[in-house]
Amino acid sequence: MKRLLIIIFAIQLFCVEQVAAQSWLDALKGAASNVIDKATGGKLTAAAIYGTWNYTQPGLKLSSSSNALSDVTASAMSSSIQAKMLPYYEKVGIRAGACKFTFNQDGTFSSTFGQRTSSGTFTFDAQSNQIVLKYESGLLRLGSITAYAYLNGTNLQLLFPMDNLLKILTSLGSASGSLASITTLLKSYDSIKIGFEFSK
């Protein structure tokens with residue numbers, strides 16, 4: 001019996017170490033793509049942005065200095081905050097399989113949040129990573145929304161200043177209590193962009 005308990009404990013310890021290792025591996029991938037994107041003046045993101053991207057989790061970018069170690073640390077911290085944000089997103093109906101963006105090479109895009117699909121045009125400035133989404137048709141009549149697009153490993157992050165994200169969530173009919181919860185969660189962090197992370 002004692003031997004069985006030791007084996008179970010060893011398996012659990014191994015699983016915890018695997019999860020921690022995966023978190024750091026993800027952080028390293030995110031930092032590496034960030035360094036490459038900076039070195040190429042945003043051309044990596046500009047080349048990869050086209051296609052259909054499916055929502056996987058909240059997206060987040062903390063400010064960091066230009067050195068790679070800071071990028072790794074910021075990526076690791078972001079993973080922790082993303083996990084805390086996940087239940088707040090789910091409360092307002094943003095979950096995997098219910099949200100996607102498609103960016104076309106002719107400068108048009110479409111976004112789907114649950115049953116709401118909207119479309120318009122976009123421009124992307126590789127140097128600043130700034131993307132301007134101009135909603136022109138569909139259920140979301142948001143006008144022009146400024147965001148930022150970054151690669152995080154092989155994923156795409158579409159991130160907004162807090163005010164613009166709240167505008168999107170409000171237009172989706174989010175309850176004010178849920179919005180307040182997200183805002184409170186992020187108050188203690190400076191220089192933060194928040195939004196969505198997608199995979200192909």
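Start with the whole chain in view: of its contacts (heavy atoms within 4.5 Å) with a separation of 6 or more, 61% are between residues 24 or more positions apart. What you have open is a predicted model, where local features need pLDDT of at least 70 and side-chain atom pairs count only at pLDDT 80 or more, while totals for chains, interfaces and linings use all residues. Residues are numbered from 1 along each chain as its sequence is written, and side-chain values use heavy atoms, with hydrogens and water left out.

**The whole chain**

Switch to cartoon. Along the sequence they come in the pattern α-α-β-α-β-β-β-β-β-β-α-α-β. Colour by burial and 37% of the 200 residues come up as buried, where buried means under 20% relative accessible area, exposed over 50% and partly exposed in between (1.4 Å probe, protein chains only).

Now select the strands. The 8 of them close into a barrel in the order β1-β2-β3-β4-β5-β6-β7-β8, with antiparallel pairing; two strands pair if DSSP finds at least two bridges between them. Neighbouring strands of this sheet are turned by 35° against each other on average, direction ignored. Axes here are lines fitted to C-alpha atoms, for helices over the stretch in contact, and angles run from 0 to 180 degrees between N-to-C directions.

Pick Leu62 and you will see Ile192 of β8 opposite. On β8's other pairing, 5 bridges join it to antiparallel β7 (residues 155-160), and there Leu156 stands opposite Phe198. Strand β8 is mostly covered, with 6 of its 8 residues buried.

Next, β3 (108-113) and β4 (residues 116-125). They run antiparallel with 6 bridges between them, and Thr108 faces Thr121 of β4 across the pair. The hairpin has 2 residues between its strands, and Gly114 there takes a positive phi near 65°.

Follow β4 on to β5 (residues 130-138), its antiparallel partner over 8 bridges. Thr123 stands opposite Val132, and Thr121 has Lys134 as its bridge partner in β5. This second hairpin has 4 residues between the strands. Zoom in on Asn129, which lies in the loop between β4 and β5: its phi is positive, about 65°, although it is not a glycine. Most residues other than glycine have a negative phi. Is Asn129 buried or exposed? Asn129 is buried, with a relative accessible area of 9%.

Move to strand β2 (residues 99-103) and select Thr102. Thr102 counts as buried because its relative accessible area is 15%. Which side chain does it make a polar contact with? Show Thr52: the two side chains are 2.9 Å apart, a polar contact being a pair of N or O atoms within 3.5 Å; within protein, one must be able to donate a hydrogen and the other to accept it, and residues adjacent in sequence count only if both atoms are side-chain atoms. Neighbours within four places aside, Thr102 also touches Gly51, Thr108, Phe109 and Ser110.

Then click Phe103, also in β2. Phe103 is buried, with a relative accessible area of 1%. Leaving aside neighbours within four places in sequence, its contacts include Trp53, Phe109, Phe122, Ile131, Leu133, Leu156 and Leu158. Phe122 is 19 residues away along the chain, yet the C-alpha atoms of Phe103 and Phe122 are separated by 8.2 Å.

**The helix across the strands**

Last stop: helix α4 (residues 162-171), where Leu165, Ile168 and Leu169 are buried. Look down the axis of α4 and its buried residues fall within an arc of 95°, so they line one face of the helix; the arc is that of the directions from the helix axis to the C-beta atoms. An α-helix has 3.6 residues a turn, so residues three or four places apart point the same way. Bring the strands back: α4 lies across β3, β4, β6 (144-152), β7 and β8, running at about 110° to β6.
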